[in-house]
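The following note is intended for a colleague who is meeting this structure for the first time. Please read the numbered points with the sequence and the model in view.

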Amino acid sequence: MDELVLEVPSLYGDHHVLRVRDVLTALEGVGEVYASSAWRHVMVSFDPKKTKASEIEAALSHAGYPPGPGPIL
């Protein structure tokens, strides 16, 4: 499993955290999702054979939560 940590500036409430978790866990190959409205970060573990980091970022953007300028880690 790979891990991706993204800054998501529009993630500022618990209802956003729930929506982001729902969107990402629906993707094939995504394992765990940790989202923090306090830090405005999303950490995703995923199987790179089933999904790509770019697909995760696209899903966030499509849901209205575009990542910031680049990955944190």
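This is a predicted model: local features need pLDDT of at least 70, side-chain atom pairs count only at pLDDT 80 or more; totals for chains, interfaces and linings use all residues.

**Notes on the model**

1. Y34 touches R21, H41, V42 and M43, leaving aside residues up to four places away in sequence; contact here means heavy atoms within 4.5 Å. Y34 belongs to strand β2, where helices (H or I, at least four residues) and strands (E, at least two) are DSSP runs, numbered from the N terminus.

2. Residues are numbered from 1 along each chain as its sequence is written, and side-chain values use heavy atoms, with hydrogens and water left out.

3. Which residues of α1 are buried? They are H16, V17, V20, V23 and L24, buried being under 20% relative accessible area and exposed over 50%, with partly exposed in between (1.4 Å probe, protein chains only). Seen down the axis of α1, the buried residues fall within an arc of 135°, taken from the directions from the axis to the C-beta atoms, so they line one face of the helix. On the other side of α1, D14, H15, L18 and D22 are exposed.

4. The buried residues of α1 pack against β2 (30–36), β3 (41–46) and α2 (53–62). In the pairing with α2, V20, V23 and L24 of α1 meet I56, A59 and L60.

5. I56, A59 and L60 are the buried residues of α2. They cover an arc of only 100° around the axis, which puts them on the same side of α2. Their cover includes β1 (2–7), α1 and β3.

6. How do the two helices lie? The axes of α1 and α2, lines fitted to C-alpha atoms over the stretch in contact, with angles from 0 to 180 degrees between N-to-C directions, come within 10 Å and cross at roughly 135°.

7. S37 lies in the loop between β2 and β3. Its C-alpha atom is separated by 5.4 Å from that of G13, 24 residues away along the chain.
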